[in-house]
Amino acid sequence: MSVYSLYVISKSGSLLYQKDFRVPNSPVAKQNSNDYLVIASTLHGVHAIASKLTPKEAMNNYEKSRLPTNSNKYGLHCITTELFNVCVFQSATGLKIILMTSKDLSESKLLQLQDKLYEYYTDYVLKSPFYRLEMPIRMKSFDDKVLSVVTSYNV
Amino acid sequence: MSRQLKQLGDDIWRNKVEKVNSELFTLTYGSIVAQLCKDFNYNYDEVNNELFQMGYSIGIRLIDEFLQKTQLSRCVNLKDTAEIVSKIGFKIFLNITPTVAHWAADYRSFGLILTENPLADFVELPDDGKASKKLWYSNILCGVLKGCFEMVQLDCDVSFIQDTLKGDDATEIRVKLIKILKDEIPAGEE
Amino acid sequence: MSYYFSIIGNNDAPLYELEIGTYHQSGDGTPHLPKEIHQLEQFIVNSSLDILQDIQFKNNAIFTKNLDNFYGYQIFSYLTQGNAKFIILTDLKSHDESLRQFLIEINELYVKTLLNPFYTVNNPITSSGFDTRVRLLARKYL
């Protein structure tokens, strides 16, 4: 099981943080920095569009498989491809944490990881007095934390 | 519901949050306020404003930590919000549980009565005749609440209406819901 | 019995003073210091500071009885850890344990005053709350 890539997107849709993790044979190719922005804003937009398309009945499927803090009820929840999954977490404040993971990552593990990343965001990003909301995250402490937790999943 | 909340607040306070020495905290806040008073030349309206702004900046960040630690999702109505602010919000960050009281008839505003206020230990307002009329010593709390509410798309008015420091019988924060910012609610929610 | 109580900061400037009579033995708290003592009390107290400065590094005691006397008036002193001085001038004849208790509690009040963010060290203590509490203590102990 592996985590290939992480995107953190602000509530207005700008890319705050992006990281590709070094995993052998990762199906997620490295992009140039402009493409990361395109991917982020595309995901943000698709998520919003999806929220308008989701039939009410389908919502129940989401209820079971998300954290209580995940406010993403109708929007884009998960993209399943043959090689990897893209999973979207969204907090009540509009922050999106998007993970690209291998297909064998169990749901409970995924939720755990989403929660952990959200915790690191609150602890290491928001509590930094010099961090301004909506600005790209450039913090070594956050980097290290993310890397160490993700590494523990990449086995 | 109310009991569960209390239990949850207690648990989080006990197990999840880092604690600091209360005197260090009180004195730090005290010296900030005193310094602000000096900097603004004892113009207390400006001091109130500055404290509010500081609180606001804290609030818009703190809310994410609150959501993460409590694992709570959006409240259904303002009544729940009030209970959660008092029993969990104040509990985990300040270890106090203000009483929710004085609901307006339309249930769009309520009061939070602080029986104790850790910010204001040891404090006596300056006796220059103005402070006891104008300065809201703990105004940072209003800013924090305002910031938190705004980030979860509740546009509220938050202000002190009485303070024991000024000789009132109680310390009360008034929260008034102006409107729910429906357009701002992130896509994917109701 | 009457008392003159004064708090002196660590720069030897007066911070607070109070003249008060006993509430015991059917006293009503009004001081009965003679006029000449009343006029001189600040001088008497300040002159005793010299003696205090001499002895304060010689022993560990923070409470000193009979520090000085002036025509039958005794001076008691209490030295805080921050080198502020609480001085009592009184016509009380024998050392009284309750005087010591009084000063210990005053120290507690003084520390609380220091913790007030709007109070600056060595400024006069103008808080009416402080005054009231000192008077209450005086009523209890003096």
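The model I opened is a predicted one, in which local features need pLDDT of at least 70 and side-chain atom pairs count only at pLDDT 80 or more, whereas totals for chains, interfaces and linings use all residues. Residues are numbered from 1 along each chain as its sequence is written, and chains are lettered from A in the order in which they are written.

Chain pairs. I looked up which chains touch and found two such pairs, of which chains A and B have the most contacts. Chains A and C do not touch, and I noted 24 Å between their nearest C-alpha atoms.

The A and B contact. I counted 25 residues from chain A and 18 residues from chain B. On the chain A side, helix 1 (33-53) and helix 3 (107-126) each give two or more residues, helices being DSSP runs of H or I with at least four residues and strands runs of E with at least two, numbered from the N terminus. Helix 3 of chain A brings the largest share, five residues.

The sheet in chain C. I followed five strands in an open antiparallel sheet, ordered 2-1-5-4-3, where two strands pair if DSSP finds at least two bridges between them. At the edges I found strand 2 (14-21) and strand 3 (63-70) of chain C, each pairing on one side only. I then checked strand 4 (residues 73-79) of chain C, which runs antiparallel to strand 5 (residues 85-90) of chain C and is joined to strand 5 by six bridges; C:Gln74 stands opposite C:Thr90 in strand 5.

How values were computed
Two residues are in contact if their C-beta atoms, placed from the backbone, lie within 7 Å.
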